[in-house]
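I opened this entry to keep track of what I looked up. My notes follow in the order I made them.

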Amino acid sequence: MTMPPASRLRLSVDLDALGSNYRALARLAGPAACAAAVKAECYGLGLEQPARRLWAEGCRDFFVATLPEAAQLRALLPEARIHVLNGVLEGEVAAFRALSAQPVLNTPEQVALWRQAGGERPADLMLDTGMNRLGVRPEEVAGLDLSGLNLDIALSHFACADEPGHPLTRRQADRFAALSAGLPARRRSLANSAGIVEAPAALFDLARPGIALYGGVVHPALEGVLRPVAKAEAQVIQVKTVPAGETVGYNATWAAAAPTRLATLAIGYADGYLRGFSSRGQVVVRGVRCPVVGRVSMDLVTADISAVPAVQPGDWATLLGDGIPLAEAALWSGLSQYELLTLLGHRYERHYCAERPAVRETEAPHPEAPEHEARVTL
Ligand SMILES: *Cc1c(COP(=O)(O)O)cnc(C)c1O
């Protein structure tokens, strides 16, 4: 067997931090239960290891966007309740049944489709309380024929929970309480990550965090509560010193004011390190923060390493995590924390690290359990 060639990009996912974040959010959400949004392969971190860890932490409800994601997850977690947010269309019912996945019904037509298919399998119902993206409109709710439906969760989704005090959050919570009150659903669910802390009075039965599980601090009240989960690194492939007046990169957008030591890194916008980082981002090399200079190109980016002239080709530079908080990197790039994580591409060699085996919150920790490190490269 030949080894795959080594990647110059490394993504490390700290499963203990993921577990800690799940427990922290579950505590904040209590007594409501805590689900996990794992769509887009856990926001770019990869589905398998994070989903298994969430299950081990006690998570039982998993939200994906699409049927193919549901199929991927079903292969990993045979007993999980899998909810498919983007609903069900004609021709997909059999696939839902085969996967024991439950659609989030978003329109009266989808409700009718699921009922005609039997309706005895559980499904969820999305109510549109002001996002105006997916969901049954408020004026349609009273006219829904839900007879024969096995309705698990009535849910809605916040548009602005990451903006403290935004009036729409309160309005959505009130609308949801009123609209869902008479529905024959077993559970009600409203809060995403930010909603858990922004609207603690509107947690109902189940919270559905996503980004916060993966270390996204999307609300001031989550600061200090969450641990960073992802670390992205790229290798230095060339170093050089340029004289004052030289420019760097496409369109010569940055010029050296003095003789400058530069490092070229093996990452670019094809790897999700978008052009917003051009002359705005920072990277950490040998423990020192260095500014990105010039335009990010497709596969390369250049940093001013004058503060650490000892840097050599082969050194690893950190672009995210470990000294570069996700929220700060997002600000530099003009991207949201969501985009930054989910853009992490497939060129990365992914490492999943866990120092301690997963411990259920209800169980006593096992201090005598041997420390071990599991590294899996995908
Ligand atoms: C993505 C999503 C979530 C999770 O949102 P976060 O802001 O990542 O916590 C919850 N509910 C729905 C309907 C979603 O689409």
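**A leucine in a loop**

I began with leucine 222, which counts as buried because its relative accessibility is 0%, where buried means under 20%. The model is predicted. I then placed leucine 222 in the chain: it is found in the loop between β10 (206-207) and β11 (230-242).

**Ligand site**

Next I asked which residues are closest to the ligand. The space the ligand takes is the largest pocket.

- Tyrosine 43 has a side-chain N or O atom 2.5 Å from an oxygen atom of the ligand.
- Glycine 210 uses a backbone N or O atom, 2.8 Å from an oxygen atom of the ligand.
- Histidine 157 places a polar side-chain atom 3.4 Å from a nitrogen atom of the ligand.

I then looked up the cover. The ligand exposes 390 Å² when taken alone, and the protein buries 94% of that.

**Helix α1**

Last, I checked the length of helix α1 (residues 15-29). Its 15 residues should span 21 Å at 1.5 Å a residue, and the end C-alpha atoms are 21 Å apart, so the two agree. Is α1 mostly covered or mostly uncovered? I found it mostly covered, with 13 of its 15 residues buried. At the start of α1, a side-chain oxygen of aspartate 14 comes within 3.0 Å of the backbone nitrogen of aspartate 16.

Key. Residues numbered from 1 in each chain as written. Predicted model: local features only at pLDDT ≥ 70, side-chain atom pairs only at ≥ 80, totals over all residues. Heavy atoms only, no water. Helix = DSSP H or I, 4+ residues; strand = E, 2+ residues; numbered from the N terminus. Expected span 1.5 Å × (residues − 1). Buried < 20%, exposed > 50% of the residue type's maximum accessible area, 1.4 Å probe, protein only. Polar contact = N/O pair within 3.5 Å; in protein donor to acceptor, adjacent residues only side chain to side chain. Near = heavy atom within 4 Å. Areas by Shrake-Rupley, 256 points an atom, 1.4 Å probe, with all protein chains shown as cover. 1 Å grid on protein atoms, 1.4 Å probe; cavity = no way out; pocket = protein on both sides within 12 Å on 5 of 7 lines; lining within 4 Å. Sits in = over half its atoms within 2 Å of the grid points.
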